[in-house]
Amino acid sequence: MLNRYPLWKYLLLLFFTVVGVIYSIPNLYAPDPAIQVSGDSSSKVIDAPVLAKMEAALKAANIEAFGGEVTPKTAMLRIKNAEQQMLARKTVQKALGDGYVVALNTASTTPAWLQALGAEPLKLGLDLAGGVHFLLEVDTASAVAKRQEINADDMKDKMRKAKVRYASVVAQKDNQIIARFRTAEARDEAVNLLRSDYPTLIFTKPDSEVNSNDFSYTANFTEAGIREIEDYAVSQNLITLRNRVNELGVSEPIVQRQGRNRIIVQLAGIQDPAEAKRVIGKTANLEFRLGASPDTLVSNKEEFPFKDELMQMQRGNAVLEKQLIVTGDRVSNATSSFDPETNQPQVNITLDSLGGTHMHRVTRNNVGRQMGILFIEYKTRTQVVKNAAGEDVEKMTQYIERKVISLATIQSALGVQFRITGLDSPAEASELALLLRAGALAAPMHFVEERTIGASLGTENIKNGVDATLWGFGLVVLFMILAYRMFGIFANIALALNLLLVITMLSMFGATLTLPGIAGIVLTIGMAVDANVLIHSRIREELKNGASPQQAIFAGYQRAFITIVDANLTTLIVGIILFAIGTGPIKGFAVTLIVGILTTMYASVSCSRALANLVYGSRKNLQKISI
């Protein structure tokens, strides 16, 4: 018979329907509001006493909490009343004090048997269910100051190679370099030597030398030079933040520049906001310096504590030279592993070519001396203080922590690859590798604003989006029944399966649903019906041309299929382009559009044809069909 499907096709259709139902059910379970606590460093352990302290603080504040969960890295408490979630966060932050990151989160209520199958609800975007919003300010002044320090060191090297004698070259706090010489001839020779190599610097000489033994020049950045450094610092930090967000696995992040030196980070549908705040907010960098020798000038050395407390007790502070060998921005790759001899965590570092050249030159000439690795963190401390009205408010302060993680003797010249030891735990090694691999920040950043947002357009947006989908679905169902009768019912059943499969695929792939995504689903409804309209119109045309009902059904599905493929293929190409070049909401729309096209190709053709075959295919003397 023309219109018969084998049993396996019906079983396959049933299988997809059951899978669709199972993986769509979690969307019926709304998550509970919760607060989550983690340490401000990966080595900090979160245990049962921390959870007990959280529960006690909330109980004292008359905030009802339940369902406490604790892991070695996080502790979570569900909050009974969503309106008290923000108050609960402030209360716990005040109770725990420094060293802990308290963030808002949601806790899944999906039954365990569904979670065991990997079924999770759809993640909602920032415009539907909120997320985390950070506004960070790049310390561009620090980038300018750091560049001048590097310029001062380079000037010394160039003058030594050219055998120009100088008394001192110092980068001042006001971002100008002052170089002093014994003679005016040496000063003039140095200016002529250096001016062409530093086009963004303005070299000036004093109008008259007060002291005949003191000749100098000053080098200041031009306005264009300062703007160039600032743009580089912000652009590099943007790239680094995007890399870090990608390492976190966040869906549809927004990382964009605002103004001259600020960056917005929005993480929609994030599952672990505390981890995001800690990793994104942390500015970690490395400085490689030589250990100070006994004859090093006091003005050219600094003391730093060791990161390892035992080493700090045994050896006291480490004394390093101020001059840098290389910094973390020369790191091209970093991976964590274990030392095969001691089984201690380590980070394997790969420098870029310029960094490797500097490292080789310095270590080659200093075999037998010590080299220190200085770990620098720009941290943010959140404290709960009372304002003038006596109310509890959160206050964020920034501070810099500098500690030596390694001080070892240089056994031989180092090159592009080497390793860092002296880390506390594998987690710390992994985090340091992540931060270095994602890229060093060109300048430190500080939190200016931090918000965990509910729906930016509120639950009303969700309601309006759902209403639009239901109204669109209802009107299409009514139209198809009135226009195509029994075949309209087939199309409507296929349309319902289509929507089910769209939600299933979005849930299974962990996509984030936004308002534009809902628009994509509504568009899918129209496109799915369009395929059935083509099929049904073709069947009517075959019937008018004198074909039998069975032949008309077969020809309608067979001949309309190529047209449907062509029409959907062109739309699919557009969807792929939107996904490739779009950002944020545009990607959300593209995802649902692509998924909708794929499910439409299956449901609108295979499902509706299976139903038509089931109803009409077994009738041998079929004289009339309802279409």
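How much accessible surface does the protein chain have, and what share of it belongs to carbon and sulfur atoms? The total comes to about 30900 Å², with 56% belonging to carbon and sulfur atoms; areas come from the Shrake-Rupley method with a 1.4 Å probe, and for residues only the protein chains shown count as cover. Keep in mind that this is a predicted model: local features need pLDDT of at least 70, side-chain atom pairs count only at pLDDT 80 or more, and totals for chains, interfaces and linings use all residues. Residues are numbered from 1 along each chain as its sequence is written, and side-chain values use heavy atoms, leaving out hydrogens and water.

Now for the overall build. The protein chain has 15 helices and 22 strands (DSSP runs numbered from the N terminus: helices are H or I with at least four residues, strands are E with at least two). Of its 627 residues, 44% count as buried, where buried means under 20% relative accessible area, exposed over 50%, and partly exposed in between, with a 1.4 Å probe and protein chains only.

Let's look at the helices. Thr-599 sits in helix H15 (residues 585–616) and is buried, at a relative accessible area of 3%. Not counting residues up to four places away in sequence, Thr-599 touches Asn-498, Leu-501, Val-502, Met-505 and Ser-604; a contact here means heavy atoms within 4.5 Å. Phe-579, in helix H14 (residues 549–581), is partly exposed at 37%. Leaving aside neighbours within four places in sequence, Phe-579 has contacts that include Val-591 and Ile-594. Phe-579 and Val-591 are twelve residues apart along the chain, and their C-alpha atoms are separated by 6.9 Å.

On to the charges. The structure holds 17 salt bridges, each a side-chain nitrogen of Lys or Arg within 4 Å of a carboxyl oxygen of Asp or Glu. One of them pairs Arg-262 with Glu-137 (3.1 Å, N to O). This pair links distant parts of the chain, 125 residues apart: Arg-262 is in strand S12 (residues 262–268) and Glu-137 in strand S6 (residues 131–138). Arg-262 is partly exposed at 28% relative accessibility, and Glu-137 is partly exposed at 27%.

Another bridge joins Arg-227 and Glu-230 (3.9 Å, N to O). These two are separated by about one helical turn because they are three residues apart in helix H7 (residues 223–248). Arg-227 counts as partly exposed at 37% relative accessibility, whereas Glu-230 counts as buried at 10%. Elsewhere, Lys-146, Glu-287, Arg-289 and Glu-302 are linked in a network of salt bridges.
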